[in-house]
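Visitor: I'd like to learn how to read a structure like this. Could you walk me through it?

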Amino acid sequence: MQQRSGFDQFMDLFLLRVQAPEGHEDRPYYTTGSIVFAAMVRVAIIGVITLILSDRISSETIWYVALFAIWLVGVWPAHLQYQRFNAHVKTLQTGTLCGACRHFNPTNQLCTVMDVHVTSDAPPCEGEAWEPLQH
Ligand code: SF4
């Protein structure tokens with residue numbers, strides 16, 4: 001399986017990828033932090049470009065275009081990525097042994113006992129450390 005560096009992952013997010021690449025099963029591709037961080041970088045870049053252009057273009061239109069670009073390039077892809085992230089977490093929670101275990105942390109998709117990411121229906125502990133959820 002091909003390992004992807006943090007830089008590759010960031011660039012994928014920055015380039016508005018909304019689906020994890022093939023062969024990326026060893027750890028969660030999207031996290032809330034990476035989604036928010038990439039969205040903030042995109043919005044910051046749009047902000048800088050807008051400020052530069054606003055010095056040269058005196059029309060108010062530039063601000064409307066900037067707002068639209070922030071929504072289109074900054075917020076909307078992050079929303080799509082977050083939906084995928086949530087769908088993946090829900091799949092883990094409802095379709096795996098780890099999802100029914102009290103040691104599974106859905107926020108970061110981590111087993112708190114093994115300190116590893118849960119990315120498939122095979123529990124990293126092979127079921128030995130499983131304990132039922134407490135309601
Ligand atoms: S203890 Fe085992 S079953 Fe529970 S979350 Fe960790 S790996 Fe999954």
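Visitor: How many helices and strands does the protein have?

Guide: Two ground rules before I count. This is a predicted model, where local features need pLDDT of at least 70, side-chain atom pairs count only at pLDDT 80 or more, and totals for chains, interfaces and linings use all residues. Residues are numbered from 1 along each chain as its sequence is written. Helices are DSSP runs of H or I with at least four residues, strands are runs of E with at least two, and both are numbered from the N terminus. On that basis the protein has 3 helices and 3 strands. Starting at the N terminus, the order is α-α-α-β-β-β.

Visitor: What span should helix α3 have, going by its number of residues?

Guide: The expected span is 1.5 Å times one less than the number of residues. Helix α3 covers residues 61-95, so its 35 residues should span 51 Å, and the 49 Å between its end C-alpha atoms agrees with that.

Visitor: Where does α3 bend?

Guide: A bend is the angle between axes fitted to the seven residues ending at a position and the seven starting there. In α3 the bend is about 30 degrees at Val 75, with a proline, Pro 77, following within four residues.

Visitor: Which residues of α3 are buried?

Guide: We count other C-beta atoms, placed from the backbone, within 10 Å of a residue's own: 20 or more is buried, 12 or fewer is exposed, and in between is partly exposed. In α3 the buried ones are Gly 74, Pro 77, Ala 78, Gln 81 and Val 89. They pack against α2 (32-56). In α2 itself, Ala 38, Ala 39 and Arg 42 are buried. Over the 135 residues of the protein, 14% count as buried.

Visitor: And the sheet: what is its strand order?

Guide: Strands of a sheet pair through backbone hydrogen bonds, either parallel or antiparallel. To count as paired, two strands need at least two bridges found by DSSP. Here there is an open sheet of 3 strands in the order β1-β2-β3, with antiparallel pairing. The edge strands, each pairing on one side only, are β1 (104-105) and β3 (116-117). Strand β2 (residues 110-111) pairs with β3 over 2 bridges, and Leu 110 sits opposite His 117 in β3.

Visitor: Is Gln 109 buried or exposed?

Guide: Gln 109 is buried, because 21 other C-beta atoms lie within 10 Å. You'll find Gln 109 in the loop between β1 and β2. Check its backbone too. Most residues other than glycine have a negative phi. Gln 109 has a positive phi, near 55 degrees. Glu 126, in the segment after β3, also has a positive phi, near 60 degrees. Glu 126 is exposed, because it has 9 other C-beta atoms within 10 Å.

Visitor: Last one: which residues come nearest to the ligand?

Guide: A residue is near a molecule if its C-beta atom, placed from the backbone, lies within 6 Å of it. Of the 14 residues around the ligand, Cys 98, Cys 101, Cys 111, Cys 125 and Ala 129 come nearest. The shell comes out as 13 nonpolar, 1 polar and no charged.

Terms used
Nonpolar A, V, L, I, M, F, W, Y, C, P; charged D, E, K, R; others polar. Contact = placed C-beta atoms within 7 Å.
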